[in-house]
Amino acid sequence: MKIIGAGLPRTATTTQWLALRRLGLRTYHMKDMMADMRRGVDIWRRAYDGEQVWDEVFDGFDATVDWPGAFHWRELMDHYPDAKILLSVRDGEAWAKSMQDTIVQIYFGDSFMRSVCQARYRIDPDWRAWVDLNIDTCWKGPRGALANTFGERQALIEAMNRWNDEVKATVPADRLIIWQPQDGWEPLCEAVGVPVPDEPLPHAFDTEVFKATITGAAVRAVADWWARNHPEG
């Protein structure tokens with residue numbers, strides 16, 4: 001393992017994923033967890049419960065960014081002592097807005113996304129297990145990274161600042177990379193030990209993609225369940 005992402009979701013973690021893959025690192029992301037949700041949730045639930053699953057979950061990978069890997073940055077830092085810790089940071093106001101436009105809507109508030117996600121929660125056990133794990137790691141105290149924020153703007157910003165401060169105070173300076181997209185390729189390439197590519201850093205503007213993916217999957221799951229259980233229409 002060469003890079004361990006410690007940044008919270010919506011801090012350009014998909015951009016990191018694209019960039020590190022371009023640099024030749026096989027990089028784990030929430031996308032990999034969700035590609036096989038049953039196995040992914042099972043293994044990360046075991047991690048949350050204290051089992052040392054790291055060599056199993058990261059078999060074939062050189063780096064990890066995004067959730068739920070970032071939740072376990074302390075354990076991963078100890079397990080992979082040669083890895084650099086990549087803390088992605090973002091302006092607090094912009095980050096809180098991004099969270100409220102995407103992830104928060106799965107769990108809080110009154111939106112169509114939340115309504116269909118709740119419906120899927122009732123009929124899809126794999127989705128229910130995924131949501132429950134994210135509640136434990138994000139929203140539920142005392143271990144949740146964003147516990148007691150309830151998706152509110154100022155509380156989110158304060159939680160993000162606490163999270164970032166803890167990473168900065170804990171990780172030795174020679175292992176820590178503090179990064180945001182405007183920093184470009186150089187800090188990532190220096191950490192990995194590869195030349196800077198002769199191309200712009202990729203940028204993933206994925207708010208609408210996120211909303212469409214989560215909402216669309218929930219609508220399809222509910223429609224499929226209805227068709228199976230009410231064949232008469």
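1. A quick word on terms: helices here are DSSP runs of H or I, at least four residues long, numbered from the N terminus. With that in hand, Gln16 sits in helix H1, which covers residues 13–22. Keep in mind that this is a predicted model.

2. Leaving aside residues up to four places away in sequence, Gln16 touches Thr11, Val65, Leu86, Ser88 and Trp179.

3. On to the nonpolar packing. The largest core takes in 54 residues. Trp44, Trp54, Trp67, Ile106, Trp130, Trp139 and Leu146 have the most contacts inside it. Apart from that one lies another core, of 16 residues, including Ala19, Ala63, Val65 and Val192. Val65 also turns up among the contacts of Gln16.

4. Ile106 is worth a look on your screen. Again not counting residues up to four places away in sequence, Ile106 touches Met113, Arg114, Cys117, Trp127, Trp130, Phe210 and Ile214. Trp130 is, like Ile106, one of the residues with the most contacts inside the largest core.

5. What about the cysteines? With a disulfide taken as two cysteine sulfur atoms within 2.5 Å, the count comes to zero. Cys117 is in no disulfide, and the nearest cysteine sulfur, that of Cys138, is 14 Å away. Seen from the other end, the closest cysteine sulfur to that of Cys138 is in Cys117, and because the two are 14 Å apart, they are too far for a bond.

6. Are these two cysteines buried or exposed? Cys117 counts as buried at 3% relative accessibility, and Cys138 is buried too, with a relative accessible area of 8%.

Technical notes: Residues numbered from 1 in each chain as written. Predicted model: local features only at pLDDT ≥ 70, side-chain atom pairs only at ≥ 80, totals over all residues. Heavy atoms only, no water. Core = buried A, V, L, I, M, F, W, Y, C linked by side-chain atoms within 4.5 Å. Buried < 20%, exposed > 50% of the residue type's maximum accessible area, 1.4 Å probe, protein only. Contact = heavy atoms within 4.5 Å. Helix = DSSP H or I, 4+ residues; strand = E, 2+ residues; numbered from the N terminus.
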